[in-house]
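Please keep the sequence and the coordinates in view while reading.

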Amino acid sequence: MDNSFPLDSPSMSRRQLLNFVTGAVVASTAGAALYPLAKYFIPPTESGAGGAIIAKDKLGNPIPASQILAEPPGTRALVAGLAGEPTYLIVKQDGAIDNIGIVDNCTHLGCTFPWNETDQQFQCPCHGSRYSPDGSVVRGPAPLPLKLVRVTVENNTILMAPWTEIDPRTGNAPWWV
């Protein structure tokens with residue numbers, strides 16, 4: 001009679017267990033250190049439906065719709081729009097913000113320009129291009145009308161999205177899409 005116990009090898013040796021624990025500790029430490037680094041280099045998404053973003057001021061702070069609507073009708077307020085491009089928002093005569101925003105970027109060489117209240121035109125100081133209040137070319141050398149963006153207001157938040165429909169000024173597909 002044999003009164004000894006069988007000596008089967010365990011499913012995991014002591015060395016394998018220590019290697020597993022060491023690997024898990026190293027992986028969790030590396031993950032904890034790399035997470036803030038990844039969050040730093042990946043910009044936060046602020047876009048809503050259809051690629052809409054929140055209108056911001058020059059410091060990057062969201063602009064409430066009430067601030068724009070406090071201006072008199074006919075005012076053109078300049079905000080940071082899609083891709084940070086300066087965009088004019090227009091207060092309509094009925095006191096609402098127009099659903100069309102005009103990008104402040106000359107189609108000749110990309111200059112930014114002011115709204116001239118006296119002449120009721122956008123006037124580019126670089127080479128003399130002039131645009132009507134809706135962004136159509138009045139006088140060159142600019143070859144194309146100004147880009148448009150879709151503007152919506154939801155809960156005192158101004159959202160701007162790319163304009164992808166037919167350009168209402170020309171009746172053609174937008175050139176910037």
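**From the whole chain to its contacts**

The protein chain exposes about 11500 Å², and carbon and sulfur atoms supply 59% of that area. The model is a predicted one, and this should be kept in mind for every distance and angle quoted below. Of the 177 residues of the protein chain, 31% count as buried. When contacts between residues at least 6 apart in sequence are considered, 41% of them join residues at least 24 apart.

The secondary structure of the protein chain comes to two helices and 10 strands, and reading along the sequence gives the pattern α-β-α-β-β-β-β-β-β-β-β-β. Helix α1 covers residues 14-41 and holds Val25, a residue that counts as partly exposed at 46% relative accessibility. Val25 also belongs to a nonpolar patch on the surface, which it forms with Met12, Leu17, Phe20 and Val21, and the accessible area of these residues together is about 470 Å².

The strands can be followed through two sheets. Strands of a sheet pair through backbone hydrogen bonds, in either the parallel or the antiparallel sense.

Two bridges join β7 to β8, which run antiparallel, and Arg130 stands opposite Arg139 in β8. The loop between β7 and β8 (137-139) is the place of Ser132, which counts as buried at 16% relative accessibility. Leaving aside residues up to four places away in sequence, Ser132 touches Phe122 and Val138.

Which cysteines form a disulfide? Cys111 and Cys126 do, with their sulfur atoms 2.4 Å apart, and the count for the structure comes to one disulfide. The torsion about the S-S bond of this pair is about -120 degrees, so the disulfide is left-handed. The pair links distant parts of the chain, since Cys111 is in the loop between β4 (100-103) and β5 (115-116) while Cys126 is in the loop between β6 (121-123) and β7 (130-131), 15 residues apart. Cys111 is buried, with a relative accessible area of 16%, whereas Cys126 counts as partly exposed at 39%.

Cys106 is buried, with a relative accessible area of 5%, and Cys124 counts as buried at 6%.

The charged side chains supply a further set of links, for the structure holds four salt bridges. Lys147 forms one of them with Glu85, the closest N and O atoms being 3.1 Å apart. Because Lys147 lies in the loop between β8 and β9 (148-154) and Glu85 in the loop between β2 and β3, the pair ties together parts that are 62 residues apart in sequence. Lys147 counts as partly exposed at 22% relative accessibility, while Glu85 is buried at 19%.

Arg130 and Asp119 also meet through their side chains in a salt bridge, at 3.9 Å from N to O. Arg130 lies in strand β7 and Asp119 in the loop between β5 and β6, so this pair ties together parts that are 11 residues apart in sequence. Arg130 is partly exposed at 26% relative accessible area, and Asp119 is partly exposed at 39%. A further salt bridge joins Arg169 to Asp167, whose closest N and O atoms are 2.9 Å apart, and both of these residues are buried.

Definitions and conventions: Residues are numbered from 1 along each chain as its sequence is written. This is a predicted model: local features need pLDDT of at least 70, side-chain atom pairs count only at pLDDT 80 or more; totals for chains, interfaces and linings use all residues. Side-chain values use heavy atoms; hydrogens and water are left out. A disulfide is a pair of cysteine sulfur atoms within 2.5 Å. Helices (H or I, at least four residues) and strands (E, at least two) are DSSP runs, numbered from the N terminus. Buried means under 20% relative accessible area, exposed over 50%, partly exposed in between (1.4 Å probe, protein chains only). Contact means heavy atoms within 4.5 Å. Accessible areas come from the Shrake-Rupley method with a 1.4 Å probe; for residues, only the protein chains shown count as cover. Two strands pair if DSSP finds at least two bridges between them. Patches are made of residues with over 30% relative accessible area and no salt bridge: like charges are joined within 9 Å, nonpolar side chains (Val, Leu, Ile, Met, Phe, Trp, Tyr) within 5 Å.
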